[in-house]
Amino acid sequence: MPRQRYTPEQVETFISRANEFMIKRPEASRARVAVYSGVSITILEKYEKEGKLKLPEKMKLKGIAKSYTWQKTLGPLSGR
């Protein structure tokens, strides 16, 4: 599969949308930022290495577990 090349205008749009979303929702995960900006996380990581933007840290297992509300997820199975 050939690589897709983005124009400088598209790249600027991706970066500005990602920065805008991170300001609006500072607790958002990297994946949510990527979905909102319209590109994959690997593309945003590439731009982060180039110094064009700063992504949030990767979530650790403890942070992922805290982000779920298990009572709502399990529903009547939770026993409460």
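A residue counts as buried when its relative accessible area is under 20%, as exposed when that area is over 50%, and as partly exposed in between, with a 1.4 Å probe and protein chains only. By this rule Ser-37, at 3% relative accessibility, counts as buried, and of the 80 residues of the chain, 24% count as buried. The structure is a predicted model, in which local features need pLDDT of at least 70 and side-chain atom pairs count only at pLDDT 80 or more, while totals for chains, interfaces and linings use all residues. Residues are numbered from 1 along each chain as its sequence is written, and side-chain values use heavy atoms, with hydrogens and water left out.

**Overall make-up**

- The chain has five helices and zero strands, where helices (H or I, at least four residues) and strands (E, at least two) are DSSP runs numbered from the N terminus.
- Contact means heavy atoms within 4.5 Å, and among the contacts in the chain with a separation of 6 or more, 38% come from residues 24 or more positions apart.

**Helices H1 and H2**

- The axes of H1 (residues 8–24) and H2 (residues 30–37) come within 8 Å and cross at roughly 130°; such axes are lines fitted to C-alpha atoms, for helices over the stretch in contact, and the angles run from 0 to 180 degrees between N-to-C directions.
- That angle makes H1 oblique to H2, since angles under 35 degrees count as roughly parallel, over 145 as roughly antiparallel, 65 to 115 as roughly perpendicular and the rest as oblique.
- On the H1 side the contact is formed by Phe-14, Arg-17, Ala-18, Glu-20, Phe-21, Met-22 and Lys-24, which meet Arg-32, Val-33, Tyr-36 and Ser-37 of H2.
- By class, this contact of H1 with H2 has six nonpolar, one polar and four charged residues, where Ala, Val, Leu, Ile, Met, Phe, Trp, Tyr, Cys and Pro count as nonpolar, Asp, Glu, Lys and Arg as charged, and the others, Gly among them, as polar.

**Helices H2 and H3**

- H2 and H3 pack at an angle of about 100°, with their axes 9 Å apart, and the two helices are therefore roughly perpendicular to each other.
- Arg-30, Ala-31, Val-33, Ala-34 and Ser-37 of H2 make this contact with Ile-41, Leu-44, Glu-45 and Glu-48 of H3, and these residues divide into five nonpolar, one polar and three charged.

**Buried faces**

- In H2, the buried residues are Arg-30, Val-33, Ala-34 and Ser-37, and seen down the axis of H2 they fall within an arc of 100°, so they line one face of the helix; the arc is that of the directions from the helix axis to the C-beta atoms.
- What covers these buried residues of H2 includes H1 and H3.
- In H3 (residues 41–49), Ile-43, Leu-44 and Tyr-47 are buried, and they line one face of the helix because they fall within an arc of 95° seen down its axis.
- The buried residues of H3 pack against H1 and H2.

**Single residues**

- Ser-37 lies in H2 and touches Phe-14, Arg-17, Ala-18 and Leu-44, not counting residues up to four places away in sequence.
- Just after H2, Gly-38 takes a positive phi of about 100°, and H3 is followed by Gly-51, whose phi is positive, near 85°.
- Ser-67 lies in the loop between H4 (61–66) and H5 (70–74), and Ser-67 is partly exposed, with a relative accessible area of 49%.
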